[in-house]
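Work through the following exercises with the sequence and the model at hand. Each task is followed by a solution in steps.

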Amino acid sequence: MLIAGFPAGAWGTNCYLVAPAAGEECVIIDPGHQAAQGVEETLRKHRLKPVAVVLTHGHIDHVASVVPVCGAHDVPAWIHPADRYMMSDPGKALGRSIGMPLMGELTVGEPDDVKELTDGARLSLAGLEFSVAHAPGHTKGSVTFRMPEAADVPPVLFSGDLLFAGSIGRTDLPGGDMDEMLASLARVCLPLDDSTVVLSGHGPQTTIGRERATNPYLREVAAGQGAAPAPRRGM
């Protein structure tokens, strides 16, 4: 399996392209702020053909390039319905009034084809299988995408802004909720095998085992305790 990722834009948001191998169809995860050029370069480098864009949540740092990427390749975008409004009104998701400038000129709006994600859904895209888990806390419509173990790779969790290496996503923006975040960590992350590779929305990759042992928030959730407010990372 091929997973190619790069940080993009002002917030360093990780965008991932996932394919069975080079030269095949692929899925693009979270093409955010200023990610379009990196997407095109990665497609050319690995000779990939995109079939879909999937989104872990609706914040502008994760969706800003959805319209140009989907339009260039005539592919749909998948997002949870609770976050769909953010594609057209990113300022509302950040607590800004409509029309307030946001990082200069950005392409906002929906691509021509939008499909909605549901908890427990299984997406079969580009010859790959993704299990969707609704994981509110950072936003109401946050989701994760899990891929099972394959011949050449351990299981993979694309965690969005739910779980980072050593931390978790912020909950102080509209739609954020610390209680929901803790519940999502307990329901989505704790049951996973320690070997699961975590590819998050910001920062380096990690594993569930490493986070179970060292991440203060995941450790406190596992112990049945509360957690202090998360440090700010990303949006």
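**Exercise 1.** Determine whether Cys15 is buried or exposed, and state how many disulfides the structure holds.

Solution. Start with accessibility: the relative accessible area of Cys15 is 0%. Buried means under 20% relative accessible area, exposed over 50%, and partly exposed in between, with a 1.4 Å probe and protein chains only. Cys15 is therefore buried. Next, apply the disulfide criterion, a pair of cysteine sulfur atoms within 2.5 Å. The structure holds zero disulfides. For Cys15, the nearest cysteine sulfur is that of Cys26, 9.5 Å away, and Cys15 is in no disulfide. Cys26 is likewise in no disulfide, its nearest cysteine sulfur being that of Cys15. Cys26 also has a relative accessible area of 0%, so it is buried.

The model is predicted: local features need pLDDT of at least 70, side-chain atom pairs count only at pLDDT 80 or more, and totals for chains, interfaces and linings use all residues. Residues are numbered from 1 along each chain as its sequence is written, and side-chain values use heavy atoms, leaving out hydrogens and water.

**Exercise 2.** Give the strand order of the six-stranded open sheet and identify its edge strands.

Solution. Strands here are DSSP runs (E, at least two residues) and helices are runs of H or I (at least four residues), numbered from the N terminus. Two strands pair if DSSP finds at least two bridges between them. The order is β7-β8-β9-β10-β13-β14, with mixed pairing. The edges are β7 (122–125) and β14, each of which pairs on one side only. Within the sheet, take β8 (residues 128–134) and β9 (residues 143–147): they pair in the antiparallel sense over four bridges. Val132 stands opposite Phe145 in β9.

**Exercise 3.** Place Leu173 in the chain.

Solution. Leu173 lies in the loop between β12 (167–168) and α6 (178–189). Its relative accessibility is 15%, so Leu173 counts as buried. The C-alpha atoms of Leu173 and His138 are separated by 7.8 Å, with the two residues 35 apart along the chain.
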